[in-house]
Amino acid sequence: MADTTLLIPGTGGIKLLNNGADLGYPVMLQGQAFLLSQTGGGLGEIEPLLSMQHRPGQAAPVKTSLLPGVEVTPGPVLSLAYRELPSNVLPFRYDWRGDIVHSAARLVDLLTERRPQGGKWRIVAHSQGGLVAVAASKLLAARHGGDATAFSDLVRRLVLVGVPLYGTLNAAHALVRGEQLGEAVSASFQKISRTWPALYQMLPDFRAALRQQNQEPAATGFLEAASWQAYPDISADLLARALETKQRYLRRPLEKMAQVKVSIVLATNRPTWDHAVLNPDRTIDFANRGAPGDSLVPSVPTLNRLTPVERQLVDQIGPRETIAEHAFLLSDTYVGELTRRLLTG
């Protein structure tokens, strides 16, 4: 049997379901009207509906919704965002709000239980989906006594498209501003997003916090509690969990992928945040996006954290190529052609 191609979508690339009913795409689609029409309620219902509850030390959520009797689960993939991929690609559906390690454990189960007979997996992972793949490689290695080839026993090819390997300022912006659902519900989205472990786990793992006075790196970064003193709703547990996840599963992303052919697609053609200012009163300000990237992943900090060997695996898409922004990279003809070529190479 031939290899099978698996898609691991990014944040918001999978519909959420409310007890099986379509909730739509609450992050990728801007504005409140779509959400309100799906929930059948008002603003007061969105907050408990999309909020989660977690227990310290447990990757799996305690509750996927705070509404009584409601379970929010992953549904179909947003086909519009992945239209450049072959129609027979198998999607891995996961709750992109939840703990990346929990999603990675589910991915390991899928890779193992549904391994192509006589073949291996070819994986294209977009955005957060790439972090899930990275964490899965670490989990597999741990289950096999640290064997760095355990992932390659199942996976032949991995293409990482627009993956925030060392985090993104967009995660910090969502936690601070809460504007992804539109201005009218920004306060609600602040509270909602602060219950999502994945957002904390995508916070920048590079020196992205600058001091207002001289634009030099601040003493603390976005993974440290001291940087969030002005935001009491930020979960200390989820912040600590994010730091542990970075240290155990996400740093040195390719170290447990021996013998897997890996490609990293990194765009540099759209203005992207690469820093924010930590004010003396500990509030956080975001300047205009001014660094090269794909509107979410800043290219320079990401490249600087990769090893020389890893940098050789990068396909950079330069500013002369007019391609879609981060969320729709795999709906772009140029990126799609490159990804298909890398998958089969």
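Which backbone nitrogen does a side-chain oxygen of Thr-168 reach at the start of H5? In this model, which is a predicted one, that nitrogen belongs to Asn-170, and the oxygen comes to within 3.0 Å of it.

Let me stay with H5 for a moment. The helix covers residues 169–177 and is mostly covered, with eight of its nine residues buried. The buried residues are Leu-169, Asn-170, Ala-171, Ala-172, His-173, Ala-174, Leu-175 and Val-176. Just after the helix, Gly-178 has a positive phi of about 65°.

Next, a pair of helices. H3, residues 100–113, packs against H4, residues 128–143, at an angle of about 65°, and their axes are 8 Å apart. That makes the two helices roughly perpendicular. The crossing of H3 past H4 is right-handed.

What meets what in this pair? From H3, the residues include Ile-100, Val-101, Ala-104 and Leu-107. On the H4 side, among them are Leu-131, Val-132, Leu-139 and Arg-143. Sorted by type, the residues of this contact are 13 nonpolar, two polar and two charged.

Is Thr-302 buried or exposed? It is buried, because its relative accessible area is 1%, and the cut-off for buried is under 20%. Setting aside neighbours within four places in sequence, Thr-302 is in contact with Tyr-166, Leu-266 and Val-297.

How values were computed: Residues are numbered from 1 along each chain as its sequence is written. This is a predicted model: local features need pLDDT of at least 70, side-chain atom pairs count only at pLDDT 80 or more; totals for chains, interfaces and linings use all residues. Side-chain values use heavy atoms; hydrogens and water are left out. Axes are lines fitted to C-alpha atoms, for helices over the stretch in contact, and angles run from 0 to 180 degrees between N-to-C directions. Helices (H or I, at least four residues) and strands (E, at least two) are DSSP runs, numbered from the N terminus. Angles under 35 degrees count as roughly parallel, over 145 as roughly antiparallel, 65 to 115 as roughly perpendicular and the rest as oblique. A crossing is left-handed if the near helix is turned anticlockwise from the far one by less than a right angle, and right-handed if clockwise. Contact means heavy atoms within 4.5 Å. Ala, Val, Leu, Ile, Met, Phe, Trp, Tyr, Cys and Pro count as nonpolar, Asp, Glu, Lys and Arg as charged, and the others, Gly among them, as polar. Buried means under 20% relative accessible area, exposed over 50%, partly exposed in between (1.4 Å probe, protein chains only). A polar contact is a pair of N or O atoms within 3.5 Å; within protein, one must be able to donate a hydrogen and the other to accept it, and residues adjacent in sequence count only if both atoms are side-chain atoms.
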